[in-house]
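Let's take a walk through this protein, starting with the whole fold and then zooming in on a couple of spots. Keep the 3D view open as you read.

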Amino acid sequence: MNKKILIIEDDTSILRGLKDNLEFEGYKVITETNGTEGLRLALEKDADLLLLDIMLPGMNGYEICRRVKKEKPDLQIIMLTARGSEMDKVSGLDTGADDYITKPFSLPELLARIRAAFRRIKDEPDAPDEYSFGNIRLDFKKLKAFRGDDEISLSAKEFEIMQYLISHEGDAIHRHDLLNEVWGYEAMPTTRTVDNFILDLRKKLEENPSEPKYILSVRGVGYRFNSQGNKPPAP
(Lines give C-alpha, C1' and ligand atoms only; values in the text may rest on other atoms or scores of the structure.)
Protein backbone atom coordinates (compact mmCIF):
# COMPACT_ATOMS: atom_id res chain seq x y z
CA MET A 1 0.00 0.00 0.00
CA ASN A 2 1.33 3.43 -0.93
CA LYS A 3 2.20 5.70 1.98
CA LYS A 4 -0.08 8.70 2.47
CA ILE A 5 1.42 12.14 3.11
CA LEU A 6 -0.52 15.18 4.30
CA ILE A 7 1.03 18.55 3.38
CA ILE A 8 -0.08 21.71 5.22
CA GLU A 9 1.56 24.61 3.39
CA ASP A 10 0.09 28.01 2.44
CA ASP A 11 2.51 28.76 -0.42
CA THR A 12 0.57 27.30 -3.34
CA SER A 13 3.59 27.10 -5.66
CA ILE A 14 5.55 25.07 -3.10
CA LEU A 15 2.46 23.00 -2.40
CA ARG A 16 1.93 22.12 -6.07
CA GLY A 17 5.60 21.26 -6.54
CA LEU A 18 5.67 19.01 -3.49
CA LYS A 19 2.44 17.29 -4.47
CA ASP A 20 3.59 16.59 -8.03
CA ASN A 21 7.00 15.29 -6.99
CA LEU A 22 5.73 13.13 -4.14
CA GLU A 23 3.03 11.60 -6.31
CA PHE A 24 5.68 10.90 -8.94
CA GLU A 25 7.59 9.01 -6.22
CA GLY A 26 4.52 6.87 -5.60
CA TYR A 27 3.08 8.53 -2.47
CA LYS A 28 -0.57 9.40 -1.99
CA VAL A 29 -0.82 13.11 -1.18
CA ILE A 30 -3.42 15.26 0.61
CA THR A 31 -2.91 19.04 0.68
CA GLU A 32 -4.25 21.94 2.71
CA THR A 33 -3.31 25.64 2.91
CA ASN A 34 -5.15 26.62 6.11
CA GLY A 35 -3.82 25.69 9.52
CA THR A 36 -7.18 25.12 11.22
CA GLU A 37 -8.46 22.92 8.39
CA GLY A 38 -5.08 21.20 8.21
CA LEU A 39 -5.34 20.21 11.86
CA ARG A 40 -8.77 18.69 11.20
CA LEU A 41 -7.40 16.66 8.29
CA ALA A 42 -4.38 15.54 10.32
CA LEU A 43 -6.66 14.23 13.08
CA GLU A 44 -9.31 12.71 10.81
CA LYS A 45 -7.34 11.34 7.87
CA ASP A 46 -5.22 8.21 8.15
CA ALA A 47 -1.98 9.85 6.99
CA ASP A 48 1.39 8.20 7.48
CA LEU A 49 3.42 11.42 7.55
CA LEU A 50 2.77 15.15 7.91
CA LEU A 51 4.79 17.84 6.12
CA LEU A 52 4.01 20.95 8.12
CA ASP A 53 4.77 24.62 7.50
CA ILE A 54 5.03 26.89 10.56
CA MET A 55 3.64 30.22 9.35
CA LEU A 56 0.04 29.38 8.39
CA PRO A 57 -3.29 31.21 8.34
CA GLY A 58 -5.76 30.07 10.98
CA MET A 59 -3.32 28.18 13.22
CA ASN A 60 0.47 28.05 13.26
CA GLY A 61 2.48 24.90 12.73
CA TYR A 62 3.76 24.76 16.31
CA GLU A 63 0.23 24.49 17.69
CA ILE A 64 -0.80 21.98 15.01
CA CYS A 65 2.22 19.84 15.81
CA ARG A 66 1.54 19.98 19.55
CA ARG A 67 -2.12 18.97 19.15
CA VAL A 68 -1.48 16.27 16.55
CA LYS A 69 1.24 14.64 18.64
CA LYS A 70 -1.11 14.59 21.64
CA GLU A 71 -3.73 12.67 19.64
CA LYS A 72 -1.45 10.74 17.27
CA PRO A 73 1.98 10.39 18.91
CA ASP A 74 3.20 7.91 16.29
CA LEU A 75 2.47 10.16 13.28
CA GLN A 76 5.79 11.32 11.81
CA ILE A 77 5.97 15.12 11.41
CA ILE A 78 8.54 16.98 9.33
CA MET A 79 8.39 20.76 9.69
CA LEU A 80 8.99 22.86 6.58
CA THR A 81 9.80 26.47 7.22
CA ALA A 82 11.73 29.50 6.05
CA ARG A 83 12.60 30.21 9.67
CA GLY A 84 16.03 28.66 10.03
CA SER A 85 17.43 29.97 13.32
CA GLU A 86 18.56 27.55 15.98
CA MET A 87 15.75 28.66 18.32
CA ASP A 88 13.14 28.05 15.61
CA LYS A 89 14.45 24.52 15.16
CA VAL A 90 14.50 23.91 18.90
CA SER A 91 10.94 25.21 19.22
CA GLY A 92 9.77 22.93 16.42
CA LEU A 93 11.42 19.85 17.86
CA ASP A 94 10.22 20.69 21.38
CA THR A 95 6.60 20.69 20.17
CA GLY A 96 7.09 17.10 19.00
CA ALA A 97 8.31 17.36 15.41
CA ASP A 98 10.39 14.38 14.30
CA ASP A 99 12.47 16.38 11.83
CA TYR A 100 12.95 19.94 10.59
CA ILE A 101 13.98 21.19 7.16
CA THR A 102 14.58 24.80 6.22
CA LYS A 103 13.45 26.40 2.95
CA PRO A 104 14.84 26.45 0.36
CA PHE A 105 15.56 22.74 0.43
CA SER A 106 16.51 20.28 -2.29
CA LEU A 107 14.05 17.60 -3.35
CA PRO A 108 16.59 14.75 -2.86
CA GLU A 109 17.20 15.91 0.71
CA LEU A 110 13.48 16.05 1.48
CA LEU A 111 12.89 12.62 -0.07
CA ALA A 112 15.74 11.18 1.99
CA ARG A 113 14.28 12.63 5.16
CA ILE A 114 10.86 11.21 4.28
CA ARG A 115 12.36 7.77 3.69
CA ALA A 116 14.20 8.03 7.01
CA ALA A 117 10.93 8.95 8.75
CA PHE A 118 9.20 5.90 7.31
CA ARG A 119 12.09 3.69 8.40
CA ARG A 120 11.58 4.93 11.95
CA ILE A 121 7.98 3.71 11.81
CA LYS A 122 8.92 0.09 11.20
CA ASP A 123 11.29 -2.01 13.24
CA GLU A 124 14.86 -1.58 12.11
CA PRO A 125 17.06 -4.69 11.93
CA ASP A 126 19.52 -5.04 14.80
CA ALA A 127 23.04 -3.97 13.93
CA PRO A 128 25.53 -6.78 14.63
CA ASP A 129 28.40 -6.39 17.11
CA GLU A 130 30.62 -8.68 15.03
CA TYR A 131 30.33 -9.88 11.46
CA SER A 132 32.37 -12.03 9.08
CA PHE A 133 32.25 -12.48 5.31
CA GLY A 134 34.82 -14.06 3.04
CA ASN A 135 38.10 -13.75 4.93
CA ILE A 136 37.03 -10.46 6.56
CA ARG A 137 36.03 -10.11 10.22
CA LEU A 138 34.62 -6.86 11.62
CA ASP A 139 34.33 -6.09 15.32
CA PHE A 140 31.99 -3.11 15.61
CA LYS A 141 32.35 -2.75 19.38
CA LYS A 142 36.15 -2.56 19.39
CA LEU A 143 36.32 -0.97 15.91
CA LYS A 144 38.79 -3.59 14.71
CA ALA A 145 38.90 -5.23 11.27
CA PHE A 146 40.82 -8.30 10.14
CA ARG A 147 41.66 -9.96 6.85
CA GLY A 148 42.42 -13.47 7.97
CA ASP A 149 44.79 -13.00 10.93
CA ASP A 150 46.03 -9.60 9.80
CA GLU A 151 44.48 -6.46 11.24
CA ILE A 152 43.50 -3.80 8.70
CA SER A 153 42.73 -0.15 9.34
CA LEU A 154 39.17 1.15 8.99
CA SER A 155 38.01 4.57 10.13
CA ALA A 156 35.05 4.97 12.48
CA LYS A 157 32.97 6.27 9.56
CA GLU A 158 33.88 3.22 7.47
CA PHE A 159 32.69 0.98 10.32
CA GLU A 160 29.40 2.92 10.42
CA ILE A 161 28.91 2.47 6.68
CA MET A 162 29.60 -1.26 6.83
CA GLN A 163 27.35 -1.75 9.84
CA TYR A 164 24.50 -0.01 8.01
CA LEU A 165 25.03 -1.99 4.79
CA ILE A 166 25.28 -5.29 6.66
CA SER A 167 22.14 -4.53 8.70
CA HIS A 168 20.27 -4.08 5.40
CA GLU A 169 21.91 -6.94 3.52
CA GLY A 170 20.29 -7.60 0.16
CA ASP A 171 18.53 -4.21 0.03
CA ALA A 172 19.40 -1.56 -2.53
CA ILE A 173 20.60 1.31 -0.34
CA HIS A 174 20.24 4.79 -1.81
CA ARG A 175 23.24 7.11 -1.48
CA HIS A 176 20.99 9.70 0.17
CA ASP A 177 19.96 7.15 2.83
CA LEU A 178 23.61 6.53 3.67
CA LEU A 179 24.21 10.27 3.87
CA ASN A 180 21.25 10.75 6.18
CA GLU A 181 21.93 7.76 8.43
CA VAL A 182 25.73 7.85 8.65
CA TRP A 183 26.66 11.53 8.21
CA GLY A 184 23.43 13.38 8.90
CA TYR A 185 22.39 16.29 6.74
CA GLU A 186 23.69 18.88 9.16
CA ALA A 187 27.17 17.87 7.99
CA MET A 188 26.19 18.76 4.40
CA PRO A 189 28.13 15.99 2.62
CA THR A 190 27.47 14.99 -1.00
CA THR A 191 26.77 11.71 -2.76
CA ARG A 192 30.35 11.89 -4.06
CA THR A 193 31.43 11.55 -0.42
CA VAL A 194 29.61 8.21 -0.25
CA ASP A 195 31.19 7.01 -3.49
CA ASN A 196 34.67 7.89 -2.27
CA PHE A 197 34.18 6.03 1.00
CA ILE A 198 32.82 2.98 -0.82
CA LEU A 199 35.83 3.07 -3.14
CA ASP A 200 38.18 3.04 -0.14
CA LEU A 201 36.21 0.25 1.56
CA ARG A 202 36.46 -1.90 -1.55
CA LYS A 203 40.22 -1.40 -1.62
CA LYS A 204 40.42 -2.60 1.98
CA LEU A 205 37.82 -5.39 2.00
CA GLU A 206 37.50 -6.77 -1.53
CA GLU A 207 40.00 -9.23 -3.04
CA ASN A 208 39.66 -7.43 -6.36
CA PRO A 209 38.34 -3.87 -5.79
CA SER A 210 37.69 -3.34 -9.51
CA GLU A 211 35.37 -6.36 -9.50
CA PRO A 212 33.74 -6.27 -6.06
CA LYS A 213 31.89 -9.33 -4.77
CA TYR A 214 30.51 -8.00 -1.49
CA ILE A 215 29.88 -4.24 -1.80
CA LEU A 216 27.95 -4.09 -5.05
CA SER A 217 26.81 -1.09 -7.07
CA VAL A 218 23.13 -0.61 -7.88
CA ARG A 219 22.89 1.50 -11.01
CA GLY A 220 21.13 4.83 -10.45
CA VAL A 221 20.54 4.12 -6.75
CA GLY A 222 23.58 3.32 -4.64
CA TYR A 223 24.90 0.08 -3.16
CA ARG A 224 23.96 -3.40 -1.95
CA PHE A 225 25.83 -5.65 0.45
CA ASN A 226 26.04 -9.38 -0.40
CA SER A 227 27.79 -11.52 2.20
CA GLN A 228 27.79 -14.57 -0.09
CA GLY A 229 30.18 -12.93 -2.51
CA ASN A 230 28.25 -13.91 -5.61
CA LYS A 231 27.62 -10.98 -7.87
CA PRO A 232 24.00 -11.04 -9.12
CA PRO A 233 23.37 -11.02 -12.86
CA ALA A 234 23.21 -7.64 -14.52
CA PRO A 235 19.66 -6.33 -15.00
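This is a predicted model: local features need pLDDT of at least 70, side-chain atom pairs count only at pLDDT 80 or more; totals for chains, interfaces and linings use all residues.

A residue counts as buried here when its relative accessible area is under 20%.

As for the overall build, the protein has eight helices and 12 strands. Take the contacts between residues at least 6 apart in sequence: 54% of them join residues at least 24 apart.

Now zoom in on leucine 52, which sits in strand β3, residues 49-53. Its relative accessibility is 0%, so leucine 52 counts as buried. What does leucine 52 touch, leaving aside residues up to four places away in sequence? The list is Ile8, Gly61, Ile64, Cys65, Ile77, Ile78, Met79 and Leu80. Threonine 81 is 29 residues from leucine 52 along the chain, yet their C-alpha atoms are separated by 8.1 Å.

Next, move along to helix α7 (residues 175-183) and helix α8 (residues 191-205). These two pack at an angle of about 85 degrees, and their axes are 9 Å apart. Angles of 65 to 115 degrees count as roughly perpendicular, and α7 and α8 are therefore roughly perpendicular to each other. On the α7 side, Arg175, His176, Leu178, Leu179 and Trp183 make the contact, while α8 brings Thr191, Thr193, Val194, Asp195 and Phe197. Sorted by class, this contact has five nonpolar, three polar and two charged residues.

How values were computed:
Residues are numbered from 1 along each chain as its sequence is written. Side-chain values use heavy atoms; hydrogens and water are left out. Axes are lines fitted to C-alpha atoms, for helices over the stretch in contact, and angles run from 0 to 180 degrees between N-to-C directions. Helices (H or I, at least four residues) and strands (E, at least two) are DSSP runs, numbered from the N terminus. Angles under 35 degrees count as roughly parallel, over 145 as roughly antiparallel, 65 to 115 as roughly perpendicular and the rest as oblique. Contact means heavy atoms within 4.5 Å. Ala, Val, Leu, Ile, Met, Phe, Trp, Tyr, Cys and Pro count as nonpolar, Asp, Glu, Lys and Arg as charged, and the others, Gly among them, as polar. Buried means under 20% relative accessible area, exposed over 50%, partly exposed in between (1.4 Å probe, protein chains only).
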